[in-house]
Amino acid sequence: MDYIMPCMSETTNFNSTLRVRIPPSPTGQLHLGTARTALYNFLVARRYGGKFVFRLEDTDKVRSKPEYVDDIIDGLKWLGISWDEGPFRQSEHFARHKRVVEQLLEAGLAYECFCSSAELEEMKLAQREQNKAEGYDNRHRQLSAQEKEAFREAGRKPTIRFRLPDDEKIEWNDLVRGKMSVNSSDLGGDPVIAKENGDVLYNFAVVVDDNDLGITHIIRGEDHLHNTAKQIPLYQALGWPVPLFAHVPLILTVTREKLSKRKHGDIASIAMYRDLGYLPEAIVNYLVAMSWTNPSGEEVFTLDEAIPSFDLCSISRSAAVYDREKLLWFCKQHFQRLSSAEVFERAQIHLEAAKLDLSAYDHAELVTMVSLVKDGLTMLPELTEKLSFFFQPPTLSKLAEAERNFLAEDNSKLVLKASLDLLETIPVEKLLAELPAKTGLKKGRAIMLPLRLALTGEGHGPDLIGVLSLLGKVRVKERLERSLAE
RNA sequence: GGCCCUAUCGUCUAGUGGUUAGGACACACCCCUUUCACGGGUGCGGCACGAGUUCGAAUCUCGUUAGGGCUACCA
C-alpha cells in the first residue's frame, strides 16, 4: 500500500487503508498541544489518503463537560481540521469495554486486586525509603478463592489489573524516534484497567477503542511514551494487531516545562487565539513548522500546501519552546498573503464590535482602506485601531504636547490654510502635489506632518495620499477647519 | 528515587563522515520611504563536555552533564 511512509522499514500487519485519530478528553478547552497533534494526524491522513477519526475521551465522568466538547469541535473547525468519522464518544462503548475486561479475566490475563489505597500508599512509601522504583508489586496476582472471599466479606471491592509480562523487553519501531524499548518491569506494576466502581481506565479503553476503530497509526505526544509500553502488551494479550506508533515532541514554555492547559491557559487555549483575532492559518503554520521543515524551503505555508510533502519521519525529535515573537511573525506573513477583501470580511465583526459606522463608506472603499494597513497587521482587532480615524474625526486635544505645538506653528497653519484654499479648485488627490508651490515649503515632513496630524490625529499612519482620497474632499475640509479653529 | 526521551546561534531549525556549519524569528546598523509598517541589504551569534573509532566527526560509539517527560482507582 502506498500509505507506507519512507521511514517505515518494518512491514506492518495492516492491509487496509491508513487510519489515524485524535482523542481529546473534554476536561478542558482545546489547547495548543492537542491542536498540534491533531494537525499531524490530519496531515498524515490527507497525505496518505487515509481516514481521520475523531473520538472524545470522556470516560472521566466528573471532569468531562459538554461545553468543552463544543469548544474542542469549534476549535478544530476553526483551524481548518476536518475529520472523516466521528465524533465518537468513548463513554458510549461502556458495555464493550466491560465485555473485554471479562474476557481478560476469564483468560487469566487480568485479575482482581483488593489492595486499598492506603495499602498502595504505604507500599510506595516503603519503596521510596529503600530507593527502589515506586509501583505496585503485583501482590494480588495469585489470590486464592478463599482469600478473595475474605476480602469481599471484609467489604473490600476489587479493581481489575492487567497482568504485564515479567521482565520482558517491550519494543516498537517509533515512526519519529526509531527503535524504542522499555522493560515491562519498569512500568510500575500491573496497571489497573477497571476501577472499583467498574469504570474502565484510559490505558485500557484507548486500546479497545483504537482497535475497534481500526486505527493503524497512533500519532500522539511524547508524554505517552510509557503508555505505549503498557498498551502494546494489551494488544498482544487480546490477540489484536499492534498499530504503529509515532510520538511527536512536546511544546515547552519559556521556562521549559510542558505546556499545560491548566498552568498556561494564557497561551494554550485555541479559543483564546480565535477570540483575540489571530488568523487560524498563522497558528496552524506555526504549530506545524515548529517541528517540521517544509522540503520546499518555504517557511510560510497553509495546511493544504503542507499536505503533499508532509512526512512524519522528518519531524524533529526534540521538544520546542513556544516563541510568541515567531508566532506573531507568522501572523504578519499570513495577513500579507490574504487579499484585502478577505481581511475585511474576517475583520468585520471586530470592526462592528468597535462600533465603527461602516456605512460611512462603500465596500470598495472599505477594502481599499484595509489594503493601506494590512501588511503590518498581526491580529484582526489591530485593524480597528489603525482605521478608526476614518470613521471619527481626531480629537486634537489628545495629541502629545510636542505635536500640538508643532501644529500651532505658523508653517503648519500655513499648510492647512493653503490646503483649504487649494481644495476649492482641485481634487484631494492632487493636493500633495500642489502644496509645495503654494506654500513655498519643501515637500516632506513640513507639509505631510501637519496634514497627517490634522486629518488623523496621529503622527504615524498609512500612506497620506491614500488617506486623503478615501476621506474625500468633504471630510478633509471639515477636519482642516476644525484643526485651524483649535 | 526509578524508567524513558532529547541535546547545532537567545528561540525554531537545515545538516546523516570531508560545508567558510545554511536558513528563519529576535536584536543592531544601512537602504527604500512624508511617518509607521512592508520590502531589500549587512552584522551579531551555535555544533554542551570528555574520551574513543577514523586520514578526517556537528554527524558513528561510550561516558558525563544538562533539560524534558512518565511514574493515579486522570486522560
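Analyst: Happy to. Helix 13 and helix 14 are roughly perpendicular to each other, because their axes cross at roughly 100° and angles of 65 to 115 degrees count as such. Please keep in mind that this is a predicted model. The axes of helix 13 (residues 340–353) and helix 14 come within 8 Å. On the helix 13 side the contact is made by Ser340, Ala341, Val343 and Phe344, while helix 14 brings Leu366, Val367, Val370 and Ser371. By class, that contact has six nonpolar residues, two polar and no charged.

Helix 14 (residues 363–373) also packs against helix 15 (residues 382–391), at an angle of about 125° and with the axes 10 Å apart. Helix 14 and helix 15 are therefore oblique to each other, and their crossing is right-handed. Here Met369, Val370 and Val373 of helix 14 meet Leu383, Lys386, Leu387 and Phe390 of helix 15. This contact divides into six nonpolar residues, no polar and one charged. Val370 is worth a click in your viewer: it belongs to the contact with helix 13 and also to the contact with helix 15.

Helix 17 (residues 410–423) and helix 18 (residues 431–439) pack at about 120°, with their axes 10 Å apart. That angle makes helix 17 oblique to helix 18, and helix 17 passes helix 18 in a right-handed crossing. From helix 17, the residues Leu414, Val415, Ala418, Ser419, Leu422 and Leu423 take part; they meet Leu431, Glu434, Leu435, Lys438 and Thr439 of helix 18. The class count for this contact is seven nonpolar, two polar and two charged.

An open sheet of three strands has the order 1-2-3, with parallel pairing. Strand 1 (19–22) and strand 3 (85–89) stand at its edges with a single partner strand each, so one side of each has no neighbour in the sheet. On average, neighbouring strands in this sheet are turned by 25° against each other, direction ignored. Strand 1 is joined to strand 2 (residues 51–56) by four bridges, and Arg19 stands opposite Lys51 in strand 2. Helix 1 (residues 32–47) lies across strand 1 and strand 2, running at about 160° to strand 1.

Another open sheet has three strands in the order 4-5-8, and its pairing is antiparallel. The edge strands are strand 4 (110–113) and strand 8 (192–194), each pairing on one side only. The twist from one strand to the next averages 45°. Two bridges join strand 5 (residues 159–162) to strand 8, and Ile160 stands opposite Ala194 in strand 8.

Strand 6 (residues 169–174) and strand 7 run antiparallel and are joined by six bridges. A hairpin of three residues connects strand 6 to strand 7. Within this pair, Ile170 has Val182 of strand 7 as its bridge partner.

One more backbone point may interest you. Most residues other than glycine have a negative phi, and most peptide bonds are trans. Asn131 has phi near 60°, a positive value in a residue other than glycine, and Asn131 is found in the loop between helix 4 and helix 5 (145–153).

Finally, the surroundings of RNA strand B. Of the 60 residues around RNA strand B, Ser25, Glu57, Tyr202, Ser318 and Gly376 come nearest. Elements that give two or more residues to this surface include helix 4 (117–129), strand 7 (178–183), helix 6 (202–212), helix 7 (225–238), helix 12 (324–337) and helix 20 (464–485). By class, the surface near RNA strand B has 18 nonpolar, 20 polar and 22 charged residues. For the helix 13 and helix 14 contact where we began, the count was six nonpolar, two polar and no charged.

Conventions
Residues numbered from 1 in each chain as written. Chains lettered and ligands numbered in written order. Predicted model: local features only at pLDDT ≥ 70, side-chain atom pairs only at ≥ 80, totals over all residues. Near = placed C-beta within 6 Å. Nonpolar A, V, L, I, M, F, W, Y, C, P; charged D, E, K, R; others polar. Axes fitted to C-alpha atoms, helices over the stretch in contact; angles between N-to-C directions. Parallel < 35°, antiparallel > 145°, perpendicular 65-115°, else oblique. Left-handed = near helix turned anticlockwise from the far one by under 90°. Contact = placed C-beta atoms within 7 Å. Pairing = 2+ DSSP bridges.
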